[in-house]
Amino acid sequence: MTGGAGRGGGRLPGPGRGLGDAAAGERTASAAAAVGCGAGPSAPAAGGNGATCLTHCDGTDTKAEVPLIMSSIKSFSDHTQCGRLEVHLVGGFSDDRQLSQKLTHQLLKLNDREENENHFPIIYGIAVNIKTAEIYRASFHDRGPEEQLRAARALAGGPMISIYDAKTEQLRIGPYSWTPFPHVDFWLQQDDKQILENLSTSPLAEPPHFVEHIRSTLMFLKKFPSPANILFPGNKALLYKKNEDGLWEKISPGS
């Protein structure tokens, strides 16, 4: 690991393992990734301290190197009671020896925990406070309006879309269309293990409600094999806006 931290670029403290200098780091880019880390908002004027660390990680000891980066940045933030760290990964490609892939995997494993020889993510979800730009760990008990409808569209193969209109501050859901879900009765007859193994990308790491959620979504798809006009009268979107209590409320188009 090589790099520097500070407002003016002081040397990053640490044992100095890894590549000897920045030039050497550039020559071995196939086996490395550059990690950029900043404390607080990106500019001092926005409330942060402006400290930045640029580090070249070569995989020597990633687990030890990342805490060094964090501690170096935080050393400039003694006066700061709150804020955020911004992290950017740059570099790496599909090299012949797949060393870049291995290093990126090491960095991603920082969000990994092991239990009974099985791996699970440490953080399952995050949220952003749009007023303060704070990013924080979160779980969601209320998933918003028309949850089953939105989940059915996703399970039926719908691509990622945005349903929030920032200009009108409204949720705009649909209109959606999908074809009948193949073999829906077969899947509804399967036990929990079969659903986990076949309808999840990470069966061992799913939260407890996953199977129940999938079954409920499959039932919805069975009930509504084609949603047009039935779920979207006049083939129009369903609109929601927050009321004075901060709760989503269904509204009529044009209101």
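Predicted model: local features only at pLDDT ≥ 70, side-chain atom pairs only at ≥ 80, totals over all residues.
Tutor: Local features here need pLDDT of at least 70 and side-chain atom pairs count only at pLDDT 80 or more, while totals for chains, interfaces and linings use all residues. Residues are numbered from 1 along each chain as its sequence is written, and side-chain values use heavy atoms, with hydrogens and water left out.

Student: Why is isoleucine 130 called exposed?

Tutor: Exposed means over 50% relative accessible area, buried under 20%, and partly exposed in between, with a 1.4 Å probe and protein chains only. Isoleucine 130 has 80% relative accessibility, so it counts as exposed. This residue lies in the loop between β8 (126-129) and β9 (134-137); strands are DSSP runs of E, at least two residues, and helices are runs of H or I, at least four.

Student: What makes β10 and β13 edge strands?

Tutor: Strands pair if DSSP finds at least two bridges between them. The open sheet has the order β10-β11-β12-β13, with antiparallel pairing. β10 (164-165) and β13 (248-251) each have a single partner strand, so one side of each is left without a neighbour in the sheet.

Student: How do you know that β10 pairs with β11?

Tutor: 2 bridges join β10 to β11 (residues 170-173), and the definition asks for at least two, so they pair. Aspartate 165 stands opposite glutamine 170 in β11.

Student: Which residues touch the most other members of the largest nonpolar core?

Tutor: Such a core joins buried Ala, Val, Leu, Ile, Met, Phe, Trp, Tyr and Cys residues through side-chain atoms within 4.5 Å. Of its 22 residues, Leu149, Ile173, Tyr176, Trp178, Phe220 and Leu231 touch the most other members. α7 gives the most, with 6 residues.
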